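Please consult the sequence and the structure shown below alongside the text.

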Amino acid sequence: MMPLLLAAAGDTVKVQRVSGAPEVKKHLEDLGFVPDTPVEVIQSQGGDMIVKIRDSKLALTKEMAQKIKVM
C-alpha cells in the first residue's frame with residue numbers, strides 16, 4: 001500500500017483506505033475515494049495531480065493525494 005501521491009501518470013490503482021481528519025475523509029469519500037474504486041492518474045506535477053475516478057476528472061493537491069492509500 002502507498003499514498004496516491006507516489007503513483008505515476010498513466011497508472012491505474014485501487015483505493016485501499018483514506019486517512020485524515022473525519023471531515024477530510026468524508027469529503028474524499030463523497031468525491032468517490034472509497035475502497036476498491038479504481039483511480040487513473042492522468043497527470044502528476046510537483047505532487048499535485050489530476051485523476052480520473054468513476055466518470056469524473058478531479059484535481060488533487062499533494063496534501064490530499066497523500067491521504068489516499070492505494071495499491
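**Threonine 37 and the overall fold**

A polar atom in the side chain of threonine 37 lies 2.9 Å from the backbone oxygen of valine 34. The model is predicted, and the values that follow are computed from it.

**Threonine 37**

- Threonine 37 belongs to the loop that connects helix α1 (22-30) with strand β3 (38-45).
- The relative accessibility of threonine 37 is 8%; because buried means under 20%, this residue counts as buried.
- When residues up to four places away in sequence are not counted, threonine 37 touches Val13, Lys14, Val15, Gly32, Ile53 and Arg54.

- The protein has 1 salt bridge under the rule applied, in which a side-chain nitrogen of Lys or Arg lies within 4 Å of a carboxyl oxygen of Asp or Glu.
- Lysine 26 and aspartate 30 form a salt bridge through their side chains, with an N to O distance of 3.1 Å.
- Both lysine 26 and aspartate 30 are located in helix α1, where they are 4 residues apart, or about one turn of the helix.
- Lysine 26 has a relative accessibility of 49% and therefore counts as partly exposed, as the exposed class requires over 50%.
- Aspartate 30 has a relative accessible area of 55%, so this residue is exposed.

**Secondary structure**

- The protein contains 2 helices and 6 strands.
- Read from the N terminus, the order of the elements is β-β-α-β-β-β-α-β.

**Dimensions and packing of the chain**

- For 71 residues, a compact globule would have a radius of gyration near 11 Å, and the protein, at 10 Å, agrees with this.
- The C-alpha trace spans about 30 × 25 × 20 Å along its principal axes.
- Buried residues make up 32% of the 71 residues of the protein.
- Among contacts with a separation of 6 or more, 55% are between residues 24 or more positions apart.

**Surface**

Methods: Residues numbered from 1 in each chain as written. Predicted model: local features only at pLDDT ≥ 70, side-chain atom pairs only at ≥ 80, totals over all residues. Heavy atoms only, no water. Buried < 20%, exposed > 50% of the residue type's maximum accessible area, 1.4 Å probe, protein only. Polar contact = N/O pair within 3.5 Å; in protein donor to acceptor, adjacent residues only side chain to side chain. Contact = heavy atoms within 4.5 Å. Rg over C-alpha atoms; globule rule 2.2 N^0.38 Å.
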